[in-house]
Amino acid sequence: MSLTVPPALLDAAERGPVDDEAFIACVRDSLPYAWATVSRVVAELEAGDADLADNRVPPPTDADRGQLLRALASDAIRAGLERHFGVRLAFQNCHRVAAFRPSAVDGERYRRFVSTRGQLLNQSPELRNC
């Protein structure tokens, strides 16, 4: 399961739209490794002048890897994280999460990161099991 949804939040979703803050809290609580990784990358982005910051450290466990995959493979979760942090997220392999400033989206570095060439150049034998 991607998220551990509290009964009250599930009830709210069954009745209609869900508050973004409640959804983000569910993501934070359900996927703590993914949350910490995205938070760290965004903090690095905000601390500097670069258009992007990224994580190049593989997750310590398969469970942690799974959290990143679930968070970034879900359109709703990824979009919620992007709204919450005010960034555009991009993802390669099983751990390379990048945060881009909104003004950098569709710029050269962003296009290079999300390109098929960028994906291929970010491959290594250690990552084949991702």
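Student: Which element of the chain has the lowest mean pLDDT?
Tutor: Keep in mind that this is a predicted model, with a chain average pLDDT of 88 and 85% of the residues scoring at least 70. Among the elements, helix α3 (residues 32-47) has the highest mean, 97. At the other end, with a mean of 66, sits helix α7 (residues 116-121).

Student: How many helices and strands does the chain have, and in what pattern?
Tutor: The count is seven helices and three strands. Walk along the sequence and you get α-α-α-β-α-α-β-β-α-α.

Student: What share of the residues count as buried?
Tutor: The accessible surface of the chain is about 7500 Å², with 53% of that belonging to carbon and sulfur atoms. As for residues, the chain has 130 of them, and the buried share is 40%.

Student: How do the axes of α4 and α5 lie, roughly parallel or roughly perpendicular?
Tutor: Helix α4 covers residues 62-73 and helix α5 covers residues 75-85, and their axes come within 5 Å. The crossing angle is roughly 85°. Angles of 65 to 115 degrees count as roughly perpendicular, so α4 and α5 are roughly perpendicular.

Student: What kinds of residues make up the contact of α4 with α5?
Tutor: From α4 come R70, A71, L72 and A73, and they meet D75, I77, R78 and L81 of α5. Sorted by type, the residues of this contact are five nonpolar, no polar and three charged.

Student: Which elements do the buried residues of α5 pack against?
Tutor: Start with who is buried: in α5 that's I77, G80, L81, E82 and F85. Their packing partners are α2 (20-30), α3, α4 and β2 (88-92).

Student: Is E82 buried or exposed?
Tutor: E82 is found in helix α5, and its relative accessible area is 16%. Buried means under 20% relative accessible area, so E82 counts as buried.

Student: And which residues is E82 in contact with, leaving aside its neighbours within four places in sequence?
Tutor: Contact here means heavy atoms within 4.5 Å. With those sequence neighbours set aside, E82 is in contact with V87, R88 and L89.

Key:
Residues numbered from 1 in each chain as written. Predicted model: local features only at pLDDT ≥ 70, side-chain atom pairs only at ≥ 80, totals over all residues. Heavy atoms only, no water. pLDDT = per-residue confidence, 0-100. Helix = DSSP H or I, 4+ residues; strand = E, 2+ residues; numbered from the N terminus. Buried < 20%, exposed > 50% of the residue type's maximum accessible area, 1.4 Å probe, protein only. Areas by Shrake-Rupley, 256 points an atom, 1.4 Å probe, with all protein chains shown as cover. Axes fitted to C-alpha atoms, helices over the stretch in contact; angles between N-to-C directions. Parallel < 35°, antiparallel > 145°, perpendicular 65-115°, else oblique. Nonpolar A, V, L, I, M, F, W, Y, C, P; charged D, E, K, R; others polar.
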